[in-house]
Amino acid sequence: MSTAVRSLVAVDPGAAAWRTISPERTVLVIVHTVTAWNRFEDVLVVFDSDRRIQLVFTFPDASAVSGGIQEHLTAQGAQVIPWDRALTVDFDLALSAHHSGDLHRVRAPVAVLSHGMGYTKYSHREPGAGSREPGAGSREPTARPTGSVRGG
């Protein structure tokens, strides 16, 4: 996209003059991967009918599998700003589905959402057992969850 032809995003200077509805809060959605986007599609519907909240999307180049995310967001009609620009704007809240990247540089409180079983699953492997060496992860875990699950 050339710089001569670009759409105004809610946080751009001069964008307020083109708004028909002025949001009260602006939320930055940090999308690292298409998998993260799929998770956000599940949760961002809570903002669909709330015109007080403006969603703005960005994608840090912090994942080895982030290819195509900019095109995907644009195809979905998301208001997308570059990561470097997102780091210069104050937001009321930032949402991410990953801990990676320079999230500490975002100028907003950051809420990190889990994005699937792999994020919070209990592993029976020992710490560091992700290696491919023979026997890695074959020992008993050093800690087990306590308590029990009862049907109701």
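User: Before we start, what should I keep in mind about the numbers?

Analyst: Residues are numbered from 1 along each chain as its sequence is written, and side-chain values use heavy atoms, with hydrogens and water left out. Since the model is predicted, local features need pLDDT of at least 70 and side-chain atom pairs count only at pLDDT 80 or more, while totals for chains, interfaces and linings use all residues.

User: How many helices and strands does the chain have, and in what order do they run?

Analyst: Elements are DSSP runs, numbered from the N terminus: helices are H or I with at least four residues, strands are E with at least two. Here you get four helices and four strands, running β-α-β-α-α-β-β-α from the N terminus.

User: And the sheet? How do I read which strands pair?

Analyst: In general, strands of a sheet pair through backbone hydrogen bonds, either parallel or antiparallel. The working rule is that DSSP must find at least two bridges between two strands. In this chain the four strands make an open sheet with parallel pairing, in the order E2-E1-E3-E4. Strands E2 (53-58) and E4 are the edges, each pairing on one side only.

User: Which bridges hold E1 to its neighbours?

Analyst: Six bridges join E1 to E2, with Val29 partnered by Phe57 in E2. Towards E3 (residues 93-96), E1 (residues 25-30) has four bridges, and Leu28 stands opposite Ala94 there. Further along, three bridges link E3 to E4 (residues 110-112), where Ser96 has Val112 as its partner.

User: Phe57 came up just now. Is its side chain buried or exposed?

Analyst: Buried means under 20% relative accessible area, exposed over 50%, and partly exposed in between, using a 1.4 Å probe and protein chains only. Phe57 has 6%, so it is buried. Trp37, at 7%, counts as buried too. Across the 152 residues of the chain, 33% fall in the buried class.

User: What links Trp37 and Phe57?

Analyst: Rings of Phe, Tyr and Trp (its six-membered ring) pair when their centres lie within 6.5 Å; planes under 30 degrees apart are stacked, over 60 edge-to-face, the rest tilted. The structure holds one such pair. Trp37 and Phe57 sit edge-to-face, 5.6 Å centre to centre with 65 degrees between the planes. Trp37 is in helix H1 (residues 34-43) and Phe57 in strand E2, so the pair ties together parts 20 residues apart in sequence.
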